[in-house]
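I opened my notebook to look around a new structure, one stop at a time. Come along and check each entry against the picture.

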Amino acid sequence: MTFPELQDKIVFVTGAHQGIGEAVANTFINEGSIVIEADLAFENKDLVKVTDHLYQIHVDVANEESVQRVATDLHEAGLIPNVLAHVAGISTMDYLVDSKTSDFDKTIAVNTRGTYLIAKNIVNLMLMNNQPGKVIFMASQAGKNGYRAMAAYSASKHAVLGLTKTLAIEVAGKHINVNAVCPGIIETAMKHRERKDGAKIRGLEPDDIEKEDNSQVPLGRTGRPQDVANVVLFLASPLSDYMTGQAINVTGGMTMN
Ligand SMILES: NC(=O)c1ccc[n+]([C@@H]2O[C@H](COP(=O)([O-])OP(=O)(O)OC[C@H]3O[C@@H](n4cnc5c(N)ncnc54)[C@H](O)[C@@H]3O)[C@@H](O)[C@H]2O)c1
């Protein structure tokens, strides 16, 4: 345990089934927090208590009814989050001029609309209960720069930073800090799929992209989900009490702006 202040605090994590979200959820479980994991991959539409410190529920963050239902369940169970870590997201790849409009719409729906719906419903639950706390959104270094064959994703994550900064101003007086994390290249199922898709688009092998990825990182290696979870933990902890509206790079030095 790193932060005794987080023991028994209620932490709501989206995208918790795998990858970065799973690492974030496990990090808070190790802190002794009460963790509510929400993900499209969980089948149960009602909140299920797995242990005293772990709950799970299905959510489709792009679907307003689904997010509202989760907020209602949390309210009815008296589980008002002290910490909201919204990690769920998707990526699609193609050169902008070749890309499908349906892929663009899907990416914006999950990443941007999803962040808006989570903010609107879960942060509102915190506000209605006068619950101070920490909100952490998952952007990307693609939310600060353009990326080859990732126009929809980059646009969706730039928008996440707009939501972060605006919400930060709006709820600052209620003692809710809102920050975003901007990961670089993190080894997850999403990244492995992107290497395959990127290789196909560019006429390369996934291994070529992996070598290219590693060569681009000043700290000499791509990231692990835990590298991101550590920064989420910091943003949920009292050590970040004087930070709000920030977009923190976790990129091994790849992005410095
Ligand atoms: N992996 C990277 O290199 C990287 C870099 C920058 C940012 N990110 C961001 O980090 C977050 C997590 O990425 P990851 O690499 O762990 O991806 P991942 O694909 O391994 O995991 C994503 C999780 O989100 C869930 N999810 C997807 N759509 C959902 C929906 N509509 N509603 C609820 N849950 C949904 C999935 O079921 C999955 O459990 C994403 O927001 C992603 O954009 C990842």
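**Entry 1: the whole chain**

I began with burial, and found that buried residues make up 44% of the 257 residues in the chain. I kept in mind that this is a predicted model.

Next I counted the pieces: the chain has seven helices and eight strands. I then looked up the radius of gyration, which is 18 Å, close to the 18 Å that the globule rule gives for 257 residues, so the chain is as compact as a globular protein of that length. Along its principal axes, the C-alpha trace spans about 55 × 35 × 35 Å.

Of the contacts with a separation of 6 or more, 72% are between residues 24 or more positions apart.

**Entry 2: around the ligand**

Which residues come nearest to the ligand? I found 30 residues around the ligand, and Gly15, Gly19, Gly89, Thr188 and Met190 come nearest. Sorting the shell by type gave me 16 nonpolar, 11 polar and three charged residues.

**Entry 3: helix α1**

I noted that α1 has 12 residues and reaches 17 Å from its first C-alpha to its last, close to the expected 16 Å. I went through its residues for burial and listed Gly19, Ile20, Gly21, Ala23, Val24, Ala25, Thr27 and Phe28 as buried. Gly19 was already in my notes as one of the residues nearest to the ligand. Just after α1, Gly32 takes a positive phi of about 80°.

**Entry 4: helix α3**

For α3 I wrote down 28 residues and a reach of 38 Å between its first and last C-alpha, close to the expected 40 Å. Where is the kink in α3 centred? I found it centred on Arg113, with an angle of about 35°. Just after α3, Asn130 takes a positive phi of about 50°.

**Entry 5: Gly253**

My last stop was Gly253, in the segment after β8 (247–250). Is Gly253 buried or exposed? I counted 12 other C-beta atoms within 10 Å, so Gly253 is exposed; a residue counts as exposed at 12 or fewer. Leaving aside neighbours within four places in sequence, Gly253 is in contact with Val217, Pro218 and Leu219. I also checked Gly184, 69 residues from Gly253 along the chain: their C-alpha atoms are separated by 8.7 Å.

Terms used
Residues are numbered from 1 along each chain as its sequence is written. This is a predicted model: local features need pLDDT of at least 70, side-chain atom pairs count only at pLDDT 80 or more; totals for chains, interfaces and linings use all residues. A residue is near a molecule or strand if its C-beta atom, placed from the backbone, lies within 6 Å of it. Ala, Val, Leu, Ile, Met, Phe, Trp, Tyr, Cys and Pro count as nonpolar, Asp, Glu, Lys and Arg as charged, and the others, Gly among them, as polar. Helices (H or I, at least four residues) and strands (E, at least two) are DSSP runs, numbered from the N terminus. The expected span of a helix is 1.5 Å times one less than its number of residues. The bend at a residue is the angle between axes fitted to the seven residues ending there and the seven starting there. A residue is buried if 20 or more other C-beta atoms lie within 10 Å of its own, exposed if 12 or fewer, and partly exposed in between; C-beta atoms are placed from the backbone. The radius of gyration is taken over C-alpha atoms; the globule rule is 2.2 Å times the number of residues to the power 0.38. Two residues are in contact if their C-beta atoms, placed from the backbone, lie within 7 Å.
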